[in-house]
Protein chains: 2
Amino acid sequence: VRTPAENAQLALLLEVAGTPKPGNVDREREYPDLRFEHFLAGAVGARSGLERAAAGDPVGESFRRAVEGMSDQTGGNTHFGALLLVTPLVRAAVDDDTGGERDTDRGLTPADAEGVVAGTTVDDAAAFFRAFEHVDVAVDEPPAGMEPLDVRQGAAAVPALRERGLTLADVMERSADRDGIAAEYSRGFPRTFRAAEEIAARSGPVTDRAAAVFLGLLASTVDTFVVTQHDAETAAEVRRRAAAALEGEESPEALAAEFVDRGINPGTTADIVAGGLFVALERGLVV
Amino acid sequence: VRTPAENAQLALLLEVAGTPKPGNVDREREYPDLRFEHFLAGAVGARSGLERAAAGDPVGESFRRAVEGMSDQTGGNTHFGALLLVTPLVRAAVDDDTGGERDTDRGLTPADAEGVVAGTTVDDAAAFFRAFEHVDVAVDEPPAGMEPLDVRQGAAAVPALRERGLTLADVMERSADRDGIAAEYSRGFPRTFRAAEEIAARSGPVTDRAAAVFLGLLASTVDTFVVTQHDAETAAEVRRRAAAALEGEESPEALAAEFVDRGINPGTTADIVAGGLFVALERGLVV
């Protein structure tokens, strides 16, 4: 039986191997400077941080270490969002193990994950800010009044964070309406667990299931990473055209080629699929 | 800087991601029951055994644990040969670390690797035999007089091994003329280190370099796994046609499709590429 850290690493690898995933790097599509091999190296480097989370280290610092390890490749940001989503889930999977063998029948629940988020501290938030120093992450301007907590400052924002006494849960709450990963933290990981259920309910190769669930998620909700990298209009177009592809009105392969050409990279949706794969693996999905 | 165990895991992943690699599972080709995702899961499961080798556990037992972890997926044997090749190299990379930071300039040498092989014991050989109990590996009938040491017996062969006092180096020596991995153990890993040099000398994406070096190796020497799975004639044809592909007389893509159709799977050549990738990464290859 794989450990939670092993399942998390496998989830990252299965996610990027699914194809076609319109706009994202996958097994058959890559950007000249952000290639499939960078995602492989990112997943290799992330594992030791994920193992810290499983061993009981604080979620924030484990996440920071995972990002540090992930960054030891030249493609840039490969898994920041996926690791932010998966790290508390790894911890929840371990907390869920009440002695002896893991209960893969019952598996990880949203309540387990919410418990981990609720238990985060100001130190976890500080480590989250420090993680931004390891790699360039595309983020928006902070909302009015939140400038002292602009994540782009990295560790320089930590004093403001401590002064306000904000935990990682608090920081996520404040971004939940404009960031898809923060929304998962704040609302009990609804899309992650739904993705896990859909992956488990489908049949066939796991990477094909992941790609199908990706397209469904992309068609159902605007990708916040596309909003950040481009604008709300582009994100709305992505959602609409993914829905058309889902209905068979567009070819997913052609859509994938076009989005890559235009540099449209629905990263948050990919992160949710990675989280869903992790939950499904913890609940006994066979590879 | 990645650890030797991380580099070994990354080498396994980069190897399978290279395409086209006539006959082998790669990023674009798979068999219905042996898929790309099985190789991802195999590499995830192998890592803890590779970490044991890096931590100083005996080579044989570390290899057995890596195979045990690798086998926790439903595709069957994904990395037996690659792990057999890479495990002593991981140990050599650690022994090479004389305190403090690794000397990636000088890097791992054939002499380091030969030293590890020379130091193997009867216990290492016993663990090697036990590793065959975790997964079905295609192997030939043993040569005359070697029946008591048929690896297919697994642990049942260990008493005969102890009686004869054979180390892992001795066992490999006895198979060196018919098994490409055993030949590497017995001859100072010549093809592995040559592959590492070629990978480092090329430019472009690492997975493309790996695929190119694979084709060159396949064209230069008969793949012993093809001999075992099929026969000497098929293996000779594979070598000849890989050479034609290398000369531009055949399309590598068409050759890949045909070999997959015919179930021709030059696994030993892939193992050598994985070993070469590991050595290249240890010597500073950037991903």
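Copies are superposed by least squares on the C-alpha atoms of residues with pLDDT of at least 70 in both. The views below all come from a predicted model.

View 1. Two copies of a chain are related by a rotation about an axis and a shift along it. Here the turn is 180° and the shift along the axis is 0.0 Å. Chain A then lies on chain B with an RMSD of 0.0 Å. Which residue of chain A comes closest to the rotation axis? Arg27(A) does, with its C-alpha at 3.0 Å.

**View 2. Chain A meets chain B at an interface.** On one side, 30 residues of chain A are in contact; on the other, 29 residues of chain B. The size of an interface is often given as the accessible area lost when the parts come together. Chain A and chain B bury about 2,600 Å² between them. Carbon and sulfur atoms hold 57% of that area. In chain A, the residues that lose the most area to chain B are Arg27(A), Glu37(A) and Val44(A). Together they give 24% of what that side buries. Of the interface residues of chain A, 97% are also interface residues in chain B, so the copies meet through the same surface.

**View 3. Helix H2 packs against helix H3 in chain B.** Two packed helices are described by the angle between their axes and the distance between the axes. H2(B) spans residues 36–55, and H3(B) spans residues 59–70. Their angle is about 165°, and their axes are 6 Å apart. Angles over 145 degrees count as roughly antiparallel. H2(B) and H3(B) are therefore roughly antiparallel to each other. Their crossing is right-handed. From H2(B), the contact residues include Gly42(B), Gly45(B), Ala46(B) and Gly49(B). From H3(B), they include Ser62(B), Arg65(B), Ala66(B) and Gly69(B). By class, this contact has five nonpolar, five polar and two charged residues.

**View 4. A cis peptide bond joins Thr19(A) and Pro20(A).** Its omega is about -5°. Where is Pro20(A) found? Pro20(A) sits in the loop between helix H1 (4–17) and helix H2 (36–55) of chain A. In chain B, a cis peptide bond joins Thr19(B) and Pro20(B), with omega about -5°. Pro20(B) lies in the loop between H1 and H2 of chain B.

**View 5. Phe189(A) has a positive phi.** The value is about 55°, although Phe189(A) is not a glycine. Phe189(A) lies in the loop between helix H9 (180–186) and helix H10 (190–201) of chain A.

Definitions and conventions
Residues are numbered from 1 along each chain as its sequence is written. Chains are lettered from A and ligands numbered from 1 in the order in which they are written. This is a predicted model: local features need pLDDT of at least 70, side-chain atom pairs count only at pLDDT 80 or more; totals for chains, interfaces and linings use all residues. Side-chain values use heavy atoms; hydrogens and water are left out. Contact means heavy atoms within 4.5 Å. Axes are lines fitted to C-alpha atoms, for helices over the stretch in contact, and angles run from 0 to 180 degrees between N-to-C directions. Helices (H or I, at least four residues) and strands (E, at least two) are DSSP runs, numbered from the N terminus. Angles under 35 degrees count as roughly parallel, over 145 as roughly antiparallel, 65 to 115 as roughly perpendicular and the rest as oblique. A crossing is left-handed if the near helix is turned anticlockwise from the far one by less than a right angle, and right-handed if clockwise. Ala, Val, Leu, Ile, Met, Phe, Trp, Tyr, Cys and Pro count as nonpolar, Asp, Glu, Lys and Arg as charged, and the others, Gly among them, as polar. Buried area is the accessible area (1.4 Å probe) that two parts lose on being put together, summed over both.
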